[in-house]
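I set out to record salt bridges, helix packing and surface patches for this entry. My notes follow in the order in which I looked things up.

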Amino acid sequence: KEVTAAKHIYNWPDEKFLVPEEVKKHFRVQMAERGGVSRKEWDKMFATFQKTYPEEGKILEDMIAGKLPEGWDSYCKPFPADAKGLATRQSSSECLNFIGKGVPWLLGGSADL
């Protein structure tokens with residue numbers, strides 16, 4: 001109620017989440033101006049990196065694109081249910097270790113209790 005009343009006072013539409021078009025436009029202009037220059041610099045550096053280190057460049061390109069390496073799941077094995085029960089942290093660790101053999105850049109872990 002209070003949020004709706006405040007929006008009414010300021011002649012603001014009663015929508016859950018609203019980003020006015022002027023704000024979006026301002027943000028896009030700022031991103032194009034500031035981010036565009038940085039992106040061009042990054043693209044040049046990355047192209048140089050790929051020429052100098054083609055294998056690593058391909059890996060990084062795949063990482064950025066979210067592409068998994070071919071055969072990444074070939075190290076996975078069946079993971080049957082454990083009648084005694086396996087701690088979630090332990091089963092997670094085992095799965096991460098399977099996948100990590102095929103996805104060298106995988107980062108994962110468990111919270112310390």
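**Salt bridges and helix contacts**

I found Lys24 and Glu21 together in helix H2, three residues apart, about one turn of the helix. I note that the model is a predicted one.

I then checked the pairing itself: Lys24 forms a salt bridge with Glu21, with 3.2 Å between the closest N and O atoms. Lys24 is partly exposed at 29% relative accessible area, whereas Glu21, at 52%, counts as exposed because the threshold is over 50%.

Another of them joins Asp43 to Arg39, the closest N and O atoms being 3.0 Å apart. Both residues lie in H2, four residues apart, and Asp43 is partly exposed at 36%.

In helix H3, I recorded the pair Asp62 and Lys58, also four residues apart, with an N to O distance of 2.7 Å. Asp62 has a relative accessible area of 13% and is therefore buried, the limit being under 20%. Lys58 is partly exposed at 39%.

I turned to the packing of the two helices. The axes of H2 and H3 come within 5 Å and cross at roughly 135°, which means that H2 is oblique to H3. Residues of H2 in this contact include Trp42, Phe46 and Phe49, and those of H3 include Pro54, Leu60 and Ile64.

Finally, I examined the surface. Ile9, Tyr10 and Trp12 form a nonpolar patch with about 420 Å² of accessible area together. Tyr10 sits in the loop between helix H1 and H2 and is exposed at 67% relative accessibility.

Key: Residues numbered from 1 in each chain as written. Predicted model: local features only at pLDDT ≥ 70, side-chain atom pairs only at ≥ 80, totals over all residues. Heavy atoms only, no water. Patch = residues over 30% accessible without salt bridge, like charges linked within 9 Å, V, L, I, M, F, W, Y side chains within 5 Å. Areas by Shrake-Rupley, 256 points an atom, 1.4 Å probe, with all protein chains shown as cover. Salt bridge = Lys/Arg side-chain N within 4 Å of Asp/Glu carboxyl O. Buried < 20%, exposed > 50% of the residue type's maximum accessible area, 1.4 Å probe, protein only. Axes fitted to C-alpha atoms, helices over the stretch in contact; angles between N-to-C directions. Parallel < 35°, antiparallel > 145°, perpendicular 65-115°, else oblique. Contact = heavy atoms within 4.5 Å.
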